Structures are given as structure tokens and as C-alpha cells.
Amino acid sequence: MTTTDVPHEPPPSRSWLREHSELGVCVLLLALGALVLTDALTMDVEIAQRGPIGPKTVPIAVGIGLLVVALLLAVDVLRGGRGEAEGGEDIDLAEPADWRTVLLLAGVFLATAVLIEPVGFPIAGALLFWGAAYALGSRHLDRDPLIAAGLSVVTYEVFNNLLGVPLPGGPLMGVL
């Protein structure tokens with residue numbers, strides 16, 4: 001047997017990490033749980049708002065839940081448990097990632113975050129909905145902006161007027 005006949009094996013540490021990649025999710029859940037608990041425990045609550053169930057109760061419960069799930073998942077992974085792919089998954093893992101779409105969507109979300117205060121939700125939301133449709137492959141340039149504008153105005157009205165969640169109106173505040 002020559003050296004070219006021996007298959008190349010990854011280093012043992014890399015192989016162990018590859019086999020236990022779900023531990024990354026455990027670390028993420030642990031960090032998120034610690035962040036939620038830290039925020040909940042340092043929350044400034046006025047005396048008048050205190051009671052048996054106050055504004056800290058749900059965040060503390062969620063933070064503890066995240067820590068427990070992280071611990072249980074880590075134990076399962078270290079005992080050999082592995083997540084299985086869904087049976088109906090139709091993703092070809094041999095294909096490269098579509099970074100153009102990912103970057104377009106990230107740009108649209110970033111632009112919405114920057115524009116929501118100065119131009120208001122109806123305009124920023126319309127740009128968000130149209131930009132997301134374009135990034136995901138829709139090329140109906142005559143129809144998509146109209147649908148996006150309608151969807152944005154309806155969303156603004158539902159949140160602002162029906163649910164009582166104030167969204168910035170921007171220059172359209174007097175019109176809507």
C-alpha cells in the first residue's frame with residue numbers, strides 16, 4: 001500500500017468537533033439564557049408595579065428555560081444524540097449558498113432599520129416588503145411596489161390604530 005492509497009483523515013480534534021457540532025447550539029442557547037436572565041434581574045421596576053407576578057417573571061422563566069434546554073441538549077449530544085434531517089427536506093447540500101440573496105435581504109433589513117425613523121413605517125415598510133420580494137426572486141416591477149405599499153399601510157394601520165402599538169408615521173403622519 002502506498003501513501004496515495006491511504007484516505008486522508010481529518011485531525012482527531014476536528015473530527016470530534018464535527019461529530020458534536022450541535023454543541024454550538026448549546027453555547028448559543030446558554031449565552032442567550034444568560035443574557036435574558038441578566039437583563040431580567042437588572043430590570044428597573046418601580047415599587048407600584050411590584051406584585052406576585054411582575055414584569056420580571058416571564059423573562060426570568062424564559063432565561064431559566066433557555067439554560068435548562070442548553071444543558072439538556074449538551075448532555076444529549078455528549079451521550080451520542082444527533083439531530084436528523086427532515087424527511088421532506090429538498091435542499092441539495094452540494095449546491096453553494098446563495099450569498100447574493102442573503103446579502104440583498106440583509107441590506108434591505110439594514111436600510112429599513114436606518115430609514116424607519118426619518119421616513120416612517122409606511123415608507124420604510126414598503127421598501128422592506130418590496131426589497132424582500134425582489135431579493136427572493138420576484139421581478140414584477142409594476143405590481144410588487146403597489147402590493148408592498150398596500151401591505152405596509154395596512155400593517156401600519158393595524159398596529160397603530162387597532163393594536164395600539166405606535167409606529168413612526170414620518171411625513172405621512174397627517175395623511176394616514
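This is a predicted model: local features need pLDDT of at least 70, side-chain atom pairs count only at pLDDT 80 or more; totals for chains, interfaces and linings use all residues.
Residues are numbered from 1 along each chain as its sequence is written, and side-chain values use heavy atoms, with hydrogens and water left out.

Colour by secondary structure. The chain shows 6 helices and 0 strands, in the order α-α-α-α-α-α from the N terminus. Helices (H or I, at least four residues) and strands (E, at least two) are DSSP runs, numbered from the N terminus. Of the contacts between residues at least 6 apart in sequence, 60% join residues at least 24 apart; contact means heavy atoms within 4.5 Å.

Next, select residues 57-78, helix α3, and find L71 in it. Is L71 buried or exposed? L71 is exposed, because its relative accessible area is 56%.

Move on to helix α4 (residues 99-119) and helix α5 (residues 121-135). Two packed helices are described by the angle between their axes and the distance between the axes. Here the axes come within 8 Å and cross at roughly 175°, so α4 is roughly antiparallel to α5. Axes are lines fitted to C-alpha atoms, for helices over the stretch in contact, and angles run from 0 to 180 degrees between N-to-C directions. Angles under 35 degrees count as roughly parallel, over 145 as roughly antiparallel, 65 to 115 as roughly perpendicular and the rest as oblique.

Show the side chains where these helices meet. Residues in the contact include L104, L105 and V108 of α4, and L127, L128 and Y134 of α5. The contact residues divide into 15 nonpolar, 3 polar and 1 charged (Ala, Val, Leu, Ile, Met, Phe, Trp, Tyr, Cys and Pro count as nonpolar, Asp, Glu, Lys and Arg as charged, and the others, Gly among them, as polar).

Stay on Y134 and select R139. The charged end of R139 sits over the ring of Y134, 3.9 Å from its centre (the rule asks for NZ of Lys or CZ of Arg within 6 Å of the ring centre and within 35 degrees of the ring normal).

Finish at T155 in helix α6, residues 144-162. T155 is buried, because its relative accessible area is 19%. Leaving aside neighbours within four places in sequence, T155 is in contact with F121 and F129.

Definitions and conventions
Buried means under 20% relative accessible area, exposed over 50%, partly exposed in between (1.4 Å probe, protein chains only).
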